[in-house]
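Me: I would like to learn how to read an annotated site in a model. Please take it step by step.

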Amino acid sequence: MMISGVIFTTPYFFFPSISFSNKLIPATSAGINYVIRCSTSTPGLPVTTERLRNDAPLTGGAFDFEKATTSLTKKLLDSPKKVTIVRHGLSSWNEESRVQGSSNLSVLSEKGAMQAERCKMALSDMHFDQCFSSPISRAKTTAEIIWKGKEEPLVFLDSLKEAHLFFLEGMTNEDAKRIYPKEYTTWREDPSNFCVDGVYPLQKLWGRAHEAWEEILLTPGEHFLVVTHKSILRALICTALGLGPERFRSVDINNGGLCVFKLNKEGEAMLHSLNMTAHMYTDHVYHY
């Protein structure tokens, strides 16, 4: 069994050696990339290293420590930040399997209100300097339940609104698939190429996600709570991780699910937790 193409990039760290198959390979020069070819099952297979050009293209910034993250603010923050993002509780249109989008006609259901209460209890030991929310009803009501009793007023941001899905909004998924098969299938299977009259909703969404990050992170304080919708939440996650609209459906968030990001003073984000839902099924209280 042969494994090849394992890449180590060492711009900051000095390793005294890297050991494979009982052979030592020196790796003491900063800024050098090595491809290490090794075997996990074939005894005696020679171990070789191959130095790559410094400008060799690598797929995905995470392979290059110098470019693993980018600043979401392009300016220095007053302190490191922590951001907890909550997807709103179950809505009436969630229950009816309708396409929601930016419509304000879908409201928080009785079960959704219970989920919001669970979020409030789960976060009861956490201190938040500010809560930001989408002004759309189902998110707004969720935020009002979670934030009830706090002195600081809720802040509603238009940048946290859900994606606008035009004529699909309000339709059941079954009807949308039957009446607009091409558009619906594109939205579900190739969303970054979903287009209506020359408008690409995900491009708009990515722009608003960047705008939301700046509005939130440039606010005084160190820990923020954000309540919003699944599509914009996906865009917030992807933009923080440097991923484009084509990765939109690579993450999923349950109703009432929590995501946590930590950011340094340069505005670079690290994903701490993705879609935490223990509080939906137990009386778990978070500490992080």
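Predicted model: local features only at pLDDT ≥ 70, side-chain atom pairs only at ≥ 80, totals over all residues.

Reply: Residues are numbered from 1 along each chain as its sequence is written, and side-chain values use heavy atoms, with hydrogens and water left out.

Me: Which residues does the UniProt annotation "active site" cover?

Reply: UniProt positions are given here in the numbering used for the model, feature names are shortened, and annotations may be inferred rather than shown by experiment. The unreviewed entry places "active site" on His-88 and Glu-162. They are spread over 75 residues of sequence yet cluster in space, with a largest C-alpha distance of 11.2 Å.

Me: Where does His-88 lie?

Reply: Helices (H or I, at least four residues) and strands (E, at least two) are DSSP runs, numbered from the N terminus. His-88 sits in the loop between β6 (81-87) and α1 (92-95).

Me: Is Glu-162 buried or exposed?

Reply: Buried means under 20% relative accessible area, exposed over 50%, and partly exposed in between (1.4 Å probe, protein chains only). Glu-162 counts as buried because its relative accessibility is 9%. His-88 is buried too, at 1%.

Me: What is His-88 in contact with?

Reply: Contact means heavy atoms within 4.5 Å. Leaving aside neighbours within four places in sequence, His-88 has contacts including Arg-138 and His-229.
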